Amino acid sequence: SGGILHQMLRGDLDAAEKVELLQEFFRSAGVWAPLLYVGFVTIEVVVAPIPGLILYAPGGMIFGPLVGGALALVGNTLGAGLAATIARRLGAAKVEECFADDTRRRLHTIIAERGPRWIFWLRLNPLTSSDMVSYAAGLADIPARKVMAATACGMAPLCFAQAAL
């Protein structure tokens, strides 16, 4: 309908024009702009095909590198917890049915011990799909709070670096 998402997906605008549109959109939101931005980043994490790069760098231009990075990190953390919860509720039981009891017990032990650490390392890699890691963590039955903690620690450098750029 010509809203901000439509504007961001237009092919006839260059990156600078899109950033200007984003800045104007968030300026018009007033005091609600930070909450709206966190909501956009959260949705970006939950809806897998949307790339985060289109939001993190402009977040730094809109709110400044520290606030923009912090808001992107909050959105990523909330989105990771939400995606893991969705996956756990919708599919974890079905995934477990695919494994024999002894294999399932071994996997649960390994995932309980190493899962959050794996999430942290995967989050440090900017080429790893944050969305897919969150859904996989939920399917692996890693608690959302652990997914969120590992995400916050692992995504912090990337969110702040991109916001600063």
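User: What share of the 165 residues of the protein counts as buried?
Analyst: In this predicted model, 39% of the 165 residues count as buried. To get that label, a residue needs a relative accessible area under 20%.

User: How much accessible surface does the protein have, and what part of it belongs to carbon and sulfur atoms?
Analyst: The accessible surface is about 9,200 Å², and carbon and sulfur atoms account for 69% of it.

User: What makes up the secondary structure of the protein?
Analyst: Helices: there are eight of them and zero strands. Going along the sequence, you read α-α-α-α-α-α-α-α. The C-alpha trace spans about 55 × 30 × 25 Å along its principal axes.

User: Why is leucine 35 called exposed?
Analyst: Its relative accessible area is 55%. The cut-off for exposed is over 50%, so leucine 35 counts as exposed. You'll find leucine 35 in helix H3, residues 33-46.

User: What does Leu35 form on the surface with Val31 and Trp32?
Analyst: A nonpolar patch. Together, Val31, Trp32 and Leu35 have about 410 Å² of accessible area. A patch member needs over 30% relative accessible area, and leucine 35 has 55%.

User: How many aromatic pairs does the structure hold?
Analyst: Seven. One of them is phenylalanine 25 with phenylalanine 40.

User: What makes the pair of phenylalanine 25 and phenylalanine 40 stacked?
Analyst: The ring centres are 5.8 Å apart, with 10° between the planes. Pairing asks for centres within 6.5 Å, and stacked asks for planes under 30 degrees apart, so phenylalanine 25 and phenylalanine 40 pass on both counts. This pair links distant parts of the chain, with phenylalanine 25 in helix H2 (residues 15-28) and phenylalanine 40 in helix H3, 15 residues apart.

User: Are phenylalanine 25 and phenylalanine 40 buried, exposed or partly exposed, and how do you know?
Analyst: Phenylalanine 25 has 25% relative accessibility, and phenylalanine 40 also comes in at 25%.

User: Why is the pair of phenylalanine 26 and tyrosine 37 called edge-to-face?
Analyst: Their ring planes meet at 70°, and anything over 60 degrees counts as edge-to-face. The centres lie 5.7 Å apart, within the 6.5 Å limit for a pair. Phenylalanine 26 is in helix H2 and tyrosine 37 in helix H3, so this pair ties together parts 11 residues apart in sequence. Both residues are buried.

User: Which residues form one aromatic cluster?
Analyst: Phe25, Phe26, Tyr37, Phe40 and Phe63.

User: Which of the 19 residues in the largest nonpolar core touch the most other members?
Analyst: Phe26, Tyr37, Tyr56, Phe63 and Met155 do. The elements giving two or more residues to this core are helix H1 (4-9), H2, H3, helix H4 (53-63), H5 and H8. Another core, of nine residues, lies apart from it, and Ala84, Ile111, Ile119 and Ala150 are among its members. In soluble globular proteins, nonpolar side chains tend to be buried together.

User: Which residues is tyrosine 37 in contact with, leaving aside neighbours within four places in sequence?
Analyst: Phe26, Leu55, Tyr56, Gly59, Phe63, Gly68, Leu71 and Ala72. In the protein as a whole, take the contacts between residues at least 6 apart in sequence: 72% of them join residues at least 24 apart.

User: What makes lysine 94 count as exposed?
Analyst: Lysine 94 has 57% relative accessibility, and exposed starts over 50%. The residue sits in helix H5, residues 65-96. From lysine 94 to leucine 71 is 23 residues in sequence and 35 Å in space, C-alpha to C-alpha.

User: Why is isoleucine 110 called partly exposed?
Analyst: At 31% relative accessibility, isoleucine 110 falls between the 20% and 50% limits. Its place is helix H6, residues 101-124. Not counting residues up to four places away, isoleucine 110 touches Gly115 and Trp118.

User: What about the phi of aspartate 141?
Analyst: It is near 70°, a positive value in a residue other than glycine. Aspartate 141 lies in the loop between helix H7 (130-139) and helix H8 (144-164). With a relative accessible area of 32%, aspartate 141 is partly exposed.

Note on methods. Residues numbered from 1 in each chain as written. Predicted model: local features only at pLDDT ≥ 70, side-chain atom pairs only at ≥ 80, totals over all residues. Heavy atoms only, no water. Patch = residues over 30% accessible without salt bridge, like charges linked within 9 Å, V, L, I, M, F, W, Y side chains within 5 Å. Areas by Shrake-Rupley, 256 points an atom, 1.4 Å probe, with all protein chains shown as cover. Salt bridge = Lys/Arg side-chain N within 4 Å of Asp/Glu carboxyl O. Helix = DSSP H or I, 4+ residues; strand = E, 2+ residues; numbered from the N terminus. Buried < 20%, exposed > 50% of the residue type's maximum accessible area, 1.4 Å probe, protein only. Phe/Tyr/Trp six-rings, centres within 6.5 Å; stacked < 30°, edge-to-face > 60°. Contact = heavy atoms within 4.5 Å. Core = buried A, V, L, I, M, F, W, Y, C linked by side-chain atoms within 4.5 Å.
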